[in-house]
Amino acid sequence: MAVPIYQTTSYVFDDADYATELFKMQKEGYIYSRNANPTNTVLEKRLAQLEGGSGAFAVSSGNAAITTRQIRWQKPVSDEIVATNALYGGTYNLLANTFQRFGIKVRFMDGHDFDAVEAAINEKTKALFTETIGNPGLQIADLKNLSKIAHKHGIPLVVDNTFTTPYLEKPFDFGADIVVHSLTKLIGGHMEPLSAAPLSIPGDSHGITASSRNSPKKSSLNGHSFLELAKENAFIAKA
Ligand SMILES: *Cc1c(COP(=O)(O)O)cnc(C)c1O
């Protein structure tokens, strides 16, 4: 019953055609463990199921998850994020200081002042970011209203659900497009390992709209976009 731990970087390709199909994303399979690994896949599938998302992507920490989510969409120097202002300290530092050095501007707003949140969004804004319940200030986000504001402006609502876990609340039910977790905390059960954190996106049209508007359309995938190849999982595939 235990999931084996695949301690491998690389995988056997039966023949060159099979490898070609994998690289063109015409077949699902394993190429290299930085992209996907069978042990991680079990974790990712279970987390997507817990949150009701269409997929998930595991990385090595909560901060890595938040960074991965942002850098897949942001164009340094010109892009912006609007975030609520009651965030986990490590996330605040990441957004306010580290991202700034990459030229990404983050505007922090009172998450209950909806007019101010909306007024902070402009044509450069690529995401609205919040925590379900702020750690450690315990401010509760009004996800329904925040998602309405985000969708009115064609941007995704990204929710850090670390503090609540899907046991207590599923942000996708309230209009979120992407959910981020630090698995280091409550969902891990004991808070011993600094652990992988997923990003997931629901299978509804909000997710697709958000991805198509914000992700780079073309890649090295033979002229196809991630949206064409991975549909509602485009963001996960790109990440
Ligand atoms: C701890 C925490 C993070 C960062 O996660 P790490 O796994 O420590 O990088 C992000 N968000 C919240 C709400 C947290 O509590």
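The ligand is surrounded by 13 residues, and the closest are Gly62, Asn135, Asp160, Thr184 and Lys185. Two of these closest residues deserve a look next. The side chain of Thr184 places a polar atom 2.7 Å from an oxygen atom of the ligand. In the side chain of Lys185, an N or O atom is 2.9 Å from a ligand oxygen.

What kind of peptide bond joins Asn135 and Pro136? The bond is cis, with omega about 10°. Pro136 belongs to a loop, the one between β3 (125-131) and α6 (143-152).

Now turn to the largest pocket. Its volume is about 1200 Å³. The lining counts 31 residues, and those closest to the pocket centre are Met25, Asn35, Ala36, Ile236 and Ala237. Four helices each give at least two residues to this lining: α1 (16-23), α2 (38-51), α9 (226-230) and α10 (234-238). Which helix supplies the largest share of the lining? That is α2, with four residues. Sorted by class, the lining holds 17 nonpolar residues, seven polar ones and seven charged ones.

Begin the next stretch at α1. At the start of this helix, Asp15 extends a side-chain oxygen to within 3.2 Å of the backbone nitrogen of Asp17. After α1 comes Met25, in the loop between α1 and α2. Met25 is not a glycine, yet its phi is positive, about 60°. Recall that Met25 is also among the residues closest to the centre of the largest pocket.

Further along is Ser33, also found in the loop between α1 and α2. Which residues does Ser33 contact, once neighbours within four places in sequence are set aside? They are Thr8, Thr9 and Tyr11. With Tyr11, the link runs side chain to side chain, as a polar contact of 2.7 Å. With Thr8, the separation in sequence is 25 residues, while the C-alpha atoms are 7.0 Å apart in space.

How far can the reader trust such detail? The mean pLDDT of the protein is 83, and 83% of the residues reach 70 or more. One stretch calls for care: over residues 201-219, the pLDDT is below 50. In the model, this stretch still has 51 contacts beyond near neighbours in sequence. Where pLDDT is low, predicted coordinates should not be read in detail.

Technical notes: Residues are numbered from 1 along each chain as its sequence is written. This is a predicted model: local features need pLDDT of at least 70, side-chain atom pairs count only at pLDDT 80 or more; totals for chains, interfaces and linings use all residues. Side-chain values use heavy atoms; hydrogens and water are left out. On a 1 Å grid over the protein atoms alone, a cavity is a set of points where a 1.4 Å probe fits but cannot get out, and a pocket is an open set with protein on both sides within 12 Å along at least five of seven lines; lining residues have an atom within 4 Å of a point. Grid points are joined across faces, edges and corners, and a volume is the space filled by probe spheres set on the points. Ala, Val, Leu, Ile, Met, Phe, Trp, Tyr, Cys and Pro count as nonpolar, Asp, Glu, Lys and Arg as charged, and the others, Gly among them, as polar. pLDDT is the predictor's confidence in each residue, from 0 to 100. Contact means heavy atoms within 4.5 Å. A residue is near a molecule or strand if one of its heavy atoms lies within 4 Å of it. A polar contact is a pair of N or O atoms within 3.5 Å; within protein, one must be able to donate a hydrogen and the other to accept it, and residues adjacent in sequence count only if both atoms are side-chain atoms.
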